[in-house]
Amino acid sequence: MEAYQIECLNFTYPNREKAALANISLSIERGEFVTLCGPSGCGKTTLLRQLKPSAAPHGIKEGSIRFEGKALEDLSAREAASKIGFVFQSPENQIVTDKVWHELAFGLESLGFSTQEIRLRVAEMASFFGIQAWFHTDVRELSGGQKQLLALASIMALQPSVLILDEPTSQLDPIAAGEFLATSGKINRELGVTVILTEHRLEEAFPLSTRAVVMDGGSIIADASPREAGLALKGQRRGMFLAMPAPMRVWAASGSGEDCPVTVRDGAAWLQRQPIEPKSIPPKTPPATESKLALQLDEVWFRYGKDMPDVIKGLSLKANYGEITAILGGNGTGKTTALSIIAGLSQPYRGKVSANNQVFALAQNPQSLFVEKTVREDLLEILSERNMAKDEKLRRVIAMAKLCKLEGFLDFHPYDLSCGEQQRAALAKVLLLQPEILLLDEPTKGLDAQFKQVFATILKGLAKAGAAVLMVSHDVEFCAEHADRCALFFDGAIAAENAPRAFFSGNSFYTTSANRMARAVLPEAIIASDIIESLGIRLPDEPESIDFGTQYEIASEKSREDPSSSKRVNPARIAAASAFTMLLLAAGIIAARNAEGLKSFLSGGNEAQLAASEGGTLYVRIMLALAAGVVGLTLSLYSMSDQKKPAPRAAGRRQRLSKRTIASSAMILLAVPFTIYAGIYFFGDRKYYFTSLIIIMETMLPFALVFESRKPQARELVIISVLCAISVAGRAAFFMLPQFKPVMAMVIISGVAFGGETGFLVGATSSFLSNMLFRQGPWTPWQMFAFGIIGFLAGIFFRKGLISRAPISLSVFGIFSALAVYGPIMDCSSILLNQSNVNGAMLLAALLQGAPFNLVHAAATMLFLIIAARPMLEKLDRIKTKYGLVE
């Protein structure tokens, strides 16, 4: 029976012209072990995600996918969760609980299994995977290999019939990676589970595989047994053949007529039958530049907490200019911590760290470097502080993009790139800084074999130009071929250090496939080319390293500044902004001075009331003056800054209101006020909890109408929940400053980003939940309606083109909302809730008394919108586009 039947599958991501998957037709039988391989960005991960409904990306999809004879979209959520297991590249993105046993039980609990069944399955999985020794351990204390094994075990506890593994060993050391793949093979053999694996390390994946599927450019270019797939790639002269296991590459170069070996064992047996000249292995050429110390660590000790164990223990290390130094070692031994100490991100409590130049680092997670909306803008951003002409910056960015094979991705969002493409983009960003000391943490993670060759020429070019390169890597093959020195990190210190040939030829596990294959006849061979040359075959010359010399000369000199590239500040704007600041500050001082007279008027001259309100008046004075000054200064800085022009879609555009929005308007403007009225006059105003819940249900009704004809995904509601949580947290963070809160700003942003209905829901729900932290009362329904109507109006006004996404436009709307909507509603509610005979004088007094606080609220809303509106709307736009969220 077929586990998957894929027919004519095409998929295109939003806002992209080229399809990520093109005419994919594939059949996978039950019980197969299929390895899916190909260069970075070829569509491997996209294809795997299409096989799991909850992980499928948003976009335009054509074709069909059937799972065990049933259309994939017809699977229930329970069936898809239990029958299709998916292990991601990073276990950090999959583990959700704090303890190992909690994680094993989490999926079973979510599916509603009985306690007895959960205990049985958890015990079985813990025994099968050998994790009894750390069964009760905190997840934070596990190594990377243990975390990935835990993610696999928690999936297998659900007893899936298909296991999908998306580059699960990309962050594991060679030993942990081998153990993980061996466990995956055991699951396939002993449990009959269909395994679909994407992997760049094929030396250990191919021997386990019954089939290899090779992709390139979104299409399948080979589908056969591992041996036949490799031969097909060789015949097509594909660069992907460089990723094939070492025995296959050596065999292909030899031109032997025997069967192609795939495993190390087969390769060793084949090699013993070949004529070999052991003395023909050439020594590795030493660096051309004279060694000069770049950085040094001397007896360094470090721990993360005073009462925590030492992570770095007496570490001594040297790195020289003109050399590439590679550090290898198991997960959790302290390699990344050592790099953070060298970079100055962590401070040791003992020992000395010295560097003879500025240190630049490429982190293990490339996403930590991305700050802009496109790759082009991100690369230009890193040069923003450099004193050079704009044309020169652009020239360097284009050249670096070409070097790192990013020409076709410059207008993509960095997060929309594949793992390998993100790694290349982060590398390009660091190289633009022209580092003289460069730290690299797992730089080849996610890179395909073709770009590794380019990356090697880049590193050698840096070393040739005199830079010092220190990298931490699990890629044994890459380090053996391209590093000048290798060191083994163990238990917080360097355990061994030597040249690559001496370092790898004596190891059993931290060594290369070529060395294990040739150890019996060529003990000093560590890379495939060593074996090939020993067979008397001349290899083509290595590609020349990149010449960074001219760039380093440019970096050492100060570029002439182009006057046109400097930020021009309009003197008229400075004068206008300064005058506006002084005007606001004067208005604040006048209002603060008049607060005393207003207080006397409202209290009727009553001394007791005057004394009781003294503290409130002092607060009003201070806050009005500060708010006026802060807002004026903010506007001044904003007006003088070099603002980017908003994208065309950022401007408010006139759109017809949908029937749902019109129905929501009737619900919000009629049903909610009537509910508040009923709560006051029919329930004696004591049922404010009940009234509040009724309002929340009424605001959620429009979403029920949206989801009536389709199955909503959880991620469509998660973003709304997050917006509510940010509003509640913001109100709590500024609890000590009455009315100085970011809640209204968040409600306005929600309405503009997702429409009026979402704006009302965020406003009403945030008010109700935040009052749980402060105090619930009869005013809660009024507050819910006031915040909600502001969010609703923000969505309607933006949709009709009355306001735009520009911070100034939103700030004006925020001031209007605070002074003309929220303030009057809440001020009048205080009279309606406490007085039986209401008259105009009472309402006027309430409005006058609340005016200073409403001004503070307006100033706070304006300030938060100026600061947060643009970046938050950009992020929300991206989320809407990427996940296809309902608006």
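Reader: Let me start with one residue. Is D378 buried or exposed?

Author: Buried means under 20% relative accessible area, exposed means over 50%, and partly exposed lies in between (1.4 Å probe, protein chains only). D378 has 2% relative accessibility, so D378 counts as buried. Two notes before we go on. The model is predicted: local features need pLDDT of at least 70, side-chain atom pairs count only at pLDDT 80 or more, and totals for chains, interfaces and linings use all residues. Residues are numbered from 1 along each chain as its sequence is written, and side-chain values use heavy atoms, with hydrogens and water left out.

Reader: How many salt bridges are there?

Author: A salt bridge puts a side-chain nitrogen of Lys or Arg within 4 Å of a carboxyl oxygen of Asp or Glu. By this rule, the count here is 23.

Reader: Which residue forms a salt bridge with D378?

Author: The partner is K429, and the closest N and O atoms are 2.2 Å apart. This pair links distant parts of the chain: K429 sits in helix α13 (residues 419-431), D378 in helix α11 (residues 375-381), and 51 residues separate them. Helices (H or I, at least four residues) and strands (E, at least two) are DSSP runs, numbered from the N terminus. K429 counts as buried, because its relative accessibility is 4%. There is also a network: salt bridges that share partners join E32, R211 and D223.

Reader: Where do K313 and D491 lie in the chain?

Author: Look at the bridge itself. K313 and D491 form a salt bridge, with the closest N and O atoms 2.9 Å apart. K313 lies in strand β12 (residues 312-321), D491 in the loop between β18 (485-490) and β19 (493-498). They are 178 residues apart, so the pair links distant parts of the chain. K313 is partly exposed, at 30% relative accessible area. D491 counts as partly exposed too, at 44% relative accessibility.

Reader: What joins D310 and R303?

Author: Their side chains meet in a salt bridge, at 3.1 Å from N to O. D310 has 22% relative accessibility and counts as partly exposed. R303 has 29% relative accessibility and counts as partly exposed.

Reader: Which residues form a nonpolar patch on the surface?

Author: Members of a patch have over 30% relative accessible area and no salt bridge; like charges are joined within 9 Å, nonpolar side chains (Val, Leu, Ile, Met, Phe, Trp, Tyr) within 5 Å. Accessible areas come from the Shrake-Rupley method with a 1.4 Å probe; for residues, only the protein chains shown count as cover. Here F735, M736, L773 and F774 form such a patch, with about 430 Å² of accessible area together. Take M736. M736 lies in the loop between α25 (714-733) and α26 (743-754). M736 is partly exposed, with a relative accessible area of 46%.

Reader: What is phi of C8?

Author: Phi of C8 is near 50°, a positive value in a residue other than glycine. C8 is in strand β1 (residues 2-12). C8 is partly exposed, at 44% relative accessible area. Now E167. Phi of E167 is near 45°, again positive in a residue other than glycine. E167 sits in the loop between β7 (162-166) and α6. E167 is buried, with a relative accessible area of 6%.

Reader: How many residues apart are P673 and F785?

Author: They are 112 residues apart in sequence, and 7.8 Å apart in space, C-alpha to C-alpha. P673 lies in helix α23 (residues 659-681). P673 counts as partly exposed, at 29% relative accessibility.
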